[in-house]
Amino acid sequence: MPLVRRSLGDSMTPSTTAAIAALNSRSATEAARPARYALELRRDQSAAAVETAALALLAEFRPRIAPLSPADHAVLVLELLTKTLHGTPPPAAFAAGYALADEFRLRTAEPDLPTPFFPEVDPPPPPGTPTEAAIGFPPLCFVDPENLPPRWALERLRVPEAWAFSTAQGRPSRGQGTVIAQPDTGVTRHTELDGVVSVGGWDVLDDDADPTDPLTGSNPGHGTGTASVVVSPETLEIAGSAPSASHMPIRAITSVVQVAQVTVAEAIGHAVDHGAHVITMSLGGLPAAALQHAMARAVAADVIVLAAAGNCVRTVVWPARYDECVAVAATNAADQAWRGTCRGPAVDISAPGQNVFKANVGGDDTAVGQGQGTSFAVALTAGVAALWLAHHGRADLIAAAHARGDTLQAMFLRLLRATARRPAGWDAAEMGAGIADARALLAAGFDAGRSSKAAAGPGFSVASLIAETIGPAAADDPDLDWVRFGPELATTMLQIQLARPQGAGEAAVPPAVSRQLAGSVANPRLREHLGLDADRAG
């Protein structure tokens with residue numbers, strides 16, 4: 001069986017050349033990153049053969065190609081040095097991916113397209129102000145600051161009680177001995193992080209060992225703020241939920257408002273390869289084969305992986321939406337859902353995320369303030385995971401999980417759900433099993449929750465996103481290749497979600513899609529929602 005559809009002596013088909021040529025051009029000196037595609041191989045394909053063919057046939061675009069990670073050759077990362085996805089309309093970016101997949105017989109070829117599906121600003125603008133509208137955030141997402149004590153979020157998670165319980169039991173407390181990896185914007189110096197043990201830091205964007213946040217993106221200091229929520233020592237105004245854990249900062253994004261999934265997948269690979277025990281991701285966007293491969297590898301290696309459910313688009317985004325990940329929604333000091341939290345059946349657990357105190361950057365390296373978003377909810381919960389690992393010993397927990405036929409991730413999630421607090425009126429279908437309870441988690445037996453297994457869900461695929469947002473009938477399209485078209489469908493659905501207020505009707509003018517997608521969707525309800533019968537395909 002041939003490993004690629006065309007022989008090396010042939011040139012590319014005109015349609016592929018045209019599709020790639022439609023991407024924005026990039027000069028050698030331009031700051032914009034080269035266009036990147038994640039190439040997911042079929043099982044019968046050799047990575048070396050695909051690499052050789054791609055380098056030959058794509059020579060005019062100055063390609064570079066490498067495996068996603070040394071341990072994952074099922075996905076190759078292709079860079080086209082003369083092209084950029086920066087400013088390229090999504091339909092054109094996806095159309096080039098479909099052409100590449102066809103050219104080389106790939107399962108998928110997905111653009112590493114930065115997407116704005118995790119709205120978060122620092123500090124958040126007051127709701128309804130021109131500033132909020134100007135940056136394209138849905139109204140009614142953020143709330144006003146509140147008069148709260150700096151460590152209120154730890155109290156709601158019963159973290160101080162968990163610290164005391166471990167100490168009383170003679171066990172390692174406060175996450176001692178664990179390593180928490182954090183793909184984010186990197187970190188910068190702040191007094192709230194003084195004394196934190198940093199290990200294995202990396203900058204995926206610059207391919208070096210310096211994860212310093214240059215503070216140039218639209219979320220300057222985001223990584224510093226989320227790091228403080230999980231690992232700040234108890235010495236100053238705030239404390240992290242695991243203040244004795246070691247921190248592995250990984251600069252993987254310039255802003256949570258523009259997240260590229262292949263880069264996040266590379267960060268996950270680095271964390272696994274360099275000894276992380278917990279990976280927390282305060283970011284979100286599209287589904288991607290590279291991302292799912294990286295997460296599956298982490299879970300198989302008994303690394304606990306968590307991600308923020310998302311902000312302001314209401315439905316849970318990826319990677320939190322993947323079954324391989326613990327999805328964390330956000331609550332407030334009254335144990336109610338934060339107004340901007342994403343929610344729905346993909347949520348596993350909730351934690352404080354409305355006006356959580358964190359380190360602020362910008363002129364004063366001692367400043368702290370309130371932040372809003374599921375970014376902070378997941379960071380706090382990652383610290384709870386570290387408390388659990390430290391208290392019981394990671395090796396013993398892995399042995400106990402494997403004895404029960406579980407991964408460490410599966411056992412942690414089962415116990416986290418089983419021990420969660422459920423305030424009166426709690427909506428488990430929207431906000432998960434409850435609010436994480438660190439003290440109860442540490443005291444729980446390893447078989448807790450085994451008698452009440454959750455029913456098998458739909459896998460939280462793109463089809464389930466459509467079923468949630470439009471209705472189950474809209475996801476009934478059996479001939480549609482959901483894997484091939486999933487990222488573009490998710491992009492379009494989330495663009496529609498982001499463009500409308502929470503709880504409002506459909507956006508008036510849905511965004512354009514590629515002609516490949518437009519020609520493949522048969523379901524009339526889905527076609528109507530996407531506006532495909534208006535002939536607006538790109």
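**A residue and its sheet**

R297 is partly exposed because its relative accessible area is 22%, where buried means under 20%, exposed over 50% and partly exposed in between, with a 1.4 Å probe and protein chains only. The model is predicted: local features need pLDDT of at least 70, side-chain atom pairs count only at pLDDT 80 or more, and totals for chains, interfaces and linings use all residues. Residues are numbered from 1 along each chain as its sequence is written, and side-chain values use heavy atoms, with hydrogens and water left out.

R297 belongs to helix α9; helices (H or I, at least four residues) and strands (E, at least two) are DSSP runs, numbered from the N terminus. Apart from neighbours within four places in sequence, R297 is in contact with S69, A71, G269, V272 and D273, contact meaning heavy atoms within 4.5 Å. D72 is 225 residues away from R297 in sequence, yet their C-alpha atoms are 8.5 Å apart in space.

Helix α9 (residues 289–300) lies across β2, β3, β4 and β6 and runs at about 145° to β4. Axes are lines fitted to C-alpha atoms, for helices over the stretch in contact, and angles run from 0 to 180 degrees between N-to-C directions.

The 4 strands form an open, antiparallel sheet in the order β3-β4-β2-β6. Its edge strands, β3 (63–69) and β6 (108–111), each pair on one side only, pairing requiring at least two bridges found by DSSP. From one strand to the next, the twist averages 25°. Strands β2 (residues 35–40) and β4 (residues 72–80) pair in the antiparallel sense over 6 bridges, and L39 stands opposite L76 in β4.
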